[in-house]
Amino acid sequence: MGHAFLEERWLPKSVLCLRDYSSNKFLHDLIAGITVGLVALPLAMAFSIASGLTPQAGIYCAIVTGFLISLLGGSKTQIGGPTGAFVVVISGIVALHGVDGLFMCTVMAGILLMIMGIAGMGTAVKFIPRPVVIGFTNGIAILIASTQVKDFFGLQLAKVPGVFWQRVEALAGNFRTLSYTATALAGATVLVMIFCRAVSNRIPGAIVAFLLGTAAVVLFRLPVETIGSRFGGIPAGLPHFVIPRFRADLIHGLLGPALTVAMLGAIESLMSAVVSDRMSNDHHNPNVELIGQGVANIVSPMFGGLPATGAIARTATNIRSGAQSPVAGMIHALTLLCILIFAAPLVSHVPLAVLAGILMVVAYNMGEWREIPQLLKLTKTDISVWLVTFALTVFADLTVAVEAGMILAALLFISRVAATTTVSQVTDEYVEDGRVHTLQDKDIPYYATIFRIHGPFLFGATEKNQRGNTEPTHVATSRYPAPAQYDCPRCYRAIRDPGSCPPVASDEPNLDSLRSARATRQPDPSG
């Protein structure tokens, strides 16, 4: 076992990237790390406040987990920290079990994540159907937005209920107490972020809105609630190291929430890592990433932090800012630490309406609403799975939604595997028809590579084809059981539109200019 962990496949990305590290890459990482650190500051505080905790808890989490996830994780440019996916479940845990229960739950979730990574289950997350994931994100986005209505409009409400329907009823009953100043400030925050996004993706709209909103409150003495007025500011200096108090009586009640935190963390972090791969042309190691996430979540409560996972928006900002390695994520954590040490008194002037406006935009972005029209084009089964997951997330409980979502994912997977299984009687005609599929008597062009796919070709198995087909290729596909054909080697678009070119004979001219042409064969996706 010890020898296995010395293999390259178990090494963190930070170790692999340092092999060819240079001063030029460090300069890019320094700029990206400082930028994403400033972006993370308002988000960390906003997520912590929305979870029912103090703002410094979010900053502590971003510092500790942000550093450890970059140091020990399997992604080159992923940024870790508190995210919106945990807001609802954290607030529920705190309401039922208190802060001690939250810290215990975070440690338990971290242990589960480590076990998943060591057991090689990182690749299994991709088998969760897209309707289940979209149902989670849609529901969580609605819940986050509903928790921010109070501060967005400056409502005079002592406590926001934890149950969605009760929350809506309480907010509607107290809507007459809205503050026009807070509403204008929050609305301006949203508009600034939208404007920055429209001008350029490289402009961190959260930082711009955060600084402008805080400056407006200080300069014009606007009568709105701030971090200082509600929480008394945040303490300066390093976070204190304290071992969480272990309570055996809470273990049974925290098993469900711990599983929820672990599953949401795994899904969110690996989704973020995939986005990171696409933007940075890299390939993450899912098992090492889960191990890094697990260690970070075990250590976070020891400094008073929250559960953490990969943050898609901050990861994208990191890459757009020029990040070259996990060093950028470590610098992002050190940037937050410097702010905590040297600029903590200034944070007390931050208006809660601005943080609410930022979270409203975050909730909209994480909802993945653009995928709903595509989901509606799928089968009735897929649509039903999405609606059930969404409804349970919003109207029941996130823990119940995750458990039900996993069951639905398993049933949907079994159903699709079963649908690809056929039974046919072997007759003389059947044997004769099958001769066209044999390769023994075929003249295979020397420039072609043929892949034979055994078993159902489901979305979770596509990575196996990608591993054996790493270079840009000209892929020809045919509906099973029709024989494979070879598409035109001069038309690169054939890889995205199989069958758009006429078949190529084995004596196709001008083959010397062809770098790589491969032919594949896959089953009929309709089963």
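# Worked exercises on a predicted model

W165 is exposed, at a relative accessible area of 54%. Keep that residue in mind for the second exercise. Everything below is read from a predicted model.

## Exercise 1: get your bearings

Work out how many helices and strands the protein chain has, and what share of its residues count as buried.

Solution. Start with the secondary structure: the protein chain has 22 helices and four strands. Next, burial: 51% of the 527 residues count as buried. Last, take the contacts with a separation of 6 or more: residues 24 or more positions apart account for 81% of them.

## Exercise 2: aromatic pairs

Find the ring that W165 pairs with, and decide whether the pair is stacked or edge-to-face.

Solution. A search of the whole structure turns up six aromatic pairs. In one of them W165 partners F395, with 5.5 Å centre to centre and 15° between the planes. Planes under 30 degrees apart count as stacked, so this pair is stacked. Now place the partners: W165 lies in helix 8 and F395 in helix 19, so the pair ties together parts 230 residues apart in sequence. F395 is partly exposed, at 43% relative accessible area.

Now try F241 and F303. Their rings sit 5.4 Å apart, centre to centre, with 65° between the planes, and the pair is edge-to-face. Both partners are in loops: F241 between helix 11 and helix 12, F303 between helix 13 and strand 2, 62 residues apart. F241 counts as exposed at 51% relative accessibility, while F303 is partly exposed at 23%. Elsewhere, ring pairs link F152, F153 and F175 into a cluster.

## Exercise 3: the core and a buried serine

Name the residues that touch the most other members of the largest nonpolar core, then list what I227 touches.

Solution. The core has 94 residues, and M45, I90, I227, L355 and I358 touch the most other members. Helix 5 (residues 87–118) gives the most to this core, with 13 residues. Leaving out residues up to four places away in sequence, I227 touches M45, I49, P55, G232, G233, I234, V347, S348, V350, L352 and L355.

Next, go to S48 in helix 3. S48 counts as buried, at 0% relative accessibility. Beyond its neighbours within four places, S48 contacts L53, T54, P55, A57, G58 and L306.

L27 is also found in helix 3, but L27 is partly exposed at 46%. L27 belongs to a nonpolar surface patch with F26, L30, I31, I34 and L38, and together they have about 490 Å² of accessible area.

## Exercise 4: salt bridges

Solution. The partners are 269 residues apart, K13 in helix 2 and D282 in the loop between helix 12 and helix 13.

For a second case, E368 and R130 meet at 2.5 Å, N to O, from positions 238 residues apart. E368 counts as buried at 19%, whereas R130 is partly exposed at 32%.

Finish with E225 and R230, whose closest N and O atoms are 2.9 Å apart. Salt bridges that share partners join K150, D151, E225 and R230 into one network.

Key. Residues numbered from 1 in each chain as written. Predicted model: local features only at pLDDT ≥ 70, side-chain atom pairs only at ≥ 80, totals over all residues. Heavy atoms only, no water. Patch = residues over 30% accessible without salt bridge, like charges linked within 9 Å, V, L, I, M, F, W, Y side chains within 5 Å. Areas by Shrake-Rupley, 256 points an atom, 1.4 Å probe, with all protein chains shown as cover. Salt bridge = Lys/Arg side-chain N within 4 Å of Asp/Glu carboxyl O. Helix = DSSP H or I, 4+ residues; strand = E, 2+ residues; numbered from the N terminus. Buried < 20%, exposed > 50% of the residue type's maximum accessible area, 1.4 Å probe, protein only. Core = buried A, V, L, I, M, F, W, Y, C linked by side-chain atoms within 4.5 Å. Contact = heavy atoms within 4.5 Å. Phe/Tyr/Trp six-rings, centres within 6.5 Å; stacked < 30°, edge-to-face > 60°.
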